[in-house]
Amino acid sequence: MHVVKPAFQLSFLSPKYWPTWIAVGILYSISWLPWRIQLAMGRMLGRLLGKVVKSRARVAKRNIELCFPEMPKEQQHTLFIQSLESAGIALFESGMGWWWPNWRIRRLTRVEGYEHIEAIIKKGKGVMGLAIHNMNLEVNCRAIGLIHPSVVFYRRHNNPLMEYFQYHGRARSNKLMIHKKGVSEMIKSLNHQELCLYLPDQDYGPRRSEFVPFFAVKQTATTTGTLLFMQNANCESVFLLPLRTRDGYVIKVLPGLDNLPSGDDKQDVTRINQQIESMILEAPEQYLWMHKRFKTRPKEDSNSLY
């Protein structure tokens, strides 16, 4: 069973977890500051992280170079710095998403295009919500949950105490979280006409993947997990674009792709990637460039892009 809500354990009080408690306590305290102050603090923190966590910064810089080779170097650098600032803000947005009361979330968030979800549910089908890893996702996960409590497919945190906070924070306005191995539970939820959130834009390895273009990288390992769920459940898809705006947050619900799945996996995931590209380009500085998106290479190409 992959739907197990983590319970509080007495072992969390042991010295092993004291650094985590201190970090969580600081994050919780900062979450009560005014929103714009948190944004300013986040930008400064992001620039600092770029100097401290150099390996991740190098990945972000390299991904931008790979995806936008024709972009002038000055523009690439600007996007890189903005992405670092967004990463710093995202840390504080986790605190907002996990601990803000509902009234504060509602005041700064809105959902556009919810009618696309309603139309699918009225047909008696589940909704496969395909989201992207924009770094404000924690806040917008709460926002969509306040409109329509959802089921979220996710990866557990390696730190059990952080997993406890992460799970209950994300599930605060949503129904439940399903671990990435819970394929059958996800299909069952879709068949029960739930809105299920899935993020197909990361490198999940060669298994159940096709190598198709993603921006300028012609051979990018792209999961066919989306198609697996949709082939085995009575559902239709929408796309979810979470954005940070000048005055808060918006999560845009966009129409799904017609004839998905079509029976041609390579063509289908190519179409999904094309839609993801257009979503990223709405606010490229907010995207998670720090992930090694191109780590998995085709067998005939063993050269690392990093």
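Which residues of helix α7 are buried? The buried residues of α7 are Glu138, Val139, Asn140, Cys141, Arg142, Ala143, Ile144, Gly145 and Leu146, where buried means under 20% relative accessible area, exposed over 50% and partly exposed in between (1.4 Å probe, protein chains only). Nine of the 11 residues of this helix (residues 137-147) are buried, so α7 is largely enclosed by the rest of the structure.

A word on the basis of all this. This is a predicted model, in which local features need pLDDT of at least 70 and side-chain atom pairs count only at pLDDT 80 or more, while totals for chains, interfaces and linings use all residues. Residues are numbered from 1 along each chain as its sequence is written, and side-chain values use heavy atoms, with hydrogens and water left out. Helices (H or I, at least four residues) and strands (E, at least two) are DSSP runs, numbered from the N terminus.

**Around strand β3**

Let us turn to β3 (residues 151-154). Val151 and Phe153 point one way from this strand, Val152 and Tyr154 point the other way, and all are buried. Two strands pair if DSSP finds at least two bridges between them. β3 pairs in the parallel sense with β4 (residues 176-179) over four bridges, and Phe153 stands opposite Ile178 in β4. β3 also runs parallel to β5 (residues 195-198), joined by two bridges; there, Leu197 is the bridge partner of Val152. With helix α8 (residues 160-170) between them in the list of parts, β3 and β4 make a right-handed β-α-β unit. Right-handed here means that, with the strands pointing away from the viewer, the path from the first strand over the helix to the second runs clockwise.

**Cysteines**

The structure holds zero disulfides, a disulfide being a pair of cysteine sulfur atoms within 2.5 Å. Cys141 is in no disulfide, and the nearest cysteine sulfur, that of Cys196, is 12 Å away. Cys141 counts as buried because its relative accessibility is 10%. Cys67 is buried too, at 5% relative accessibility.

**Cavity and pocket**

On a 1 Å grid over the protein atoms alone, a cavity is a set of points where a 1.4 Å probe fits but cannot get out, and a pocket is an open set with protein on both sides within 12 Å along at least five of seven lines; lining residues have an atom within 4 Å of a point. The count comes to one cavity of 30 Å³ or more. Its lining includes Asn63, His133, Asp201, Trp289 and Arg293. The second largest pocket is lined by 13 residues, of which Arg43, Ile89, Arg244, Glu285 and Gln286 lie nearest its centre. α2 (35-52), α4 (73-99) and β8 (235-245) each supply at least two residues of that lining.

| Space | Volume |
|---|---|
| Largest cavity | about 60 Å³ |
| Second largest pocket | about 230 Å³ |

**Backbone points to check by eye**

Most residues other than glycine have a negative phi, and most peptide bonds are trans. Leu260 and Pro261 are joined by a cis peptide bond, with omega about 0°, and Pro261 sits in the loop between β9 (248-255) and α11 (265-280). Asn259 lies in the loop between β9 and α11 as well; its phi is near 55°, a positive value, and at 57% relative accessibility it counts as exposed. Arg208 also has a positive phi, near 55°, and is partly exposed at 42% relative accessibility.

Conventions. Grid points are joined across faces, edges and corners, and a volume is the space filled by probe spheres set on the points.
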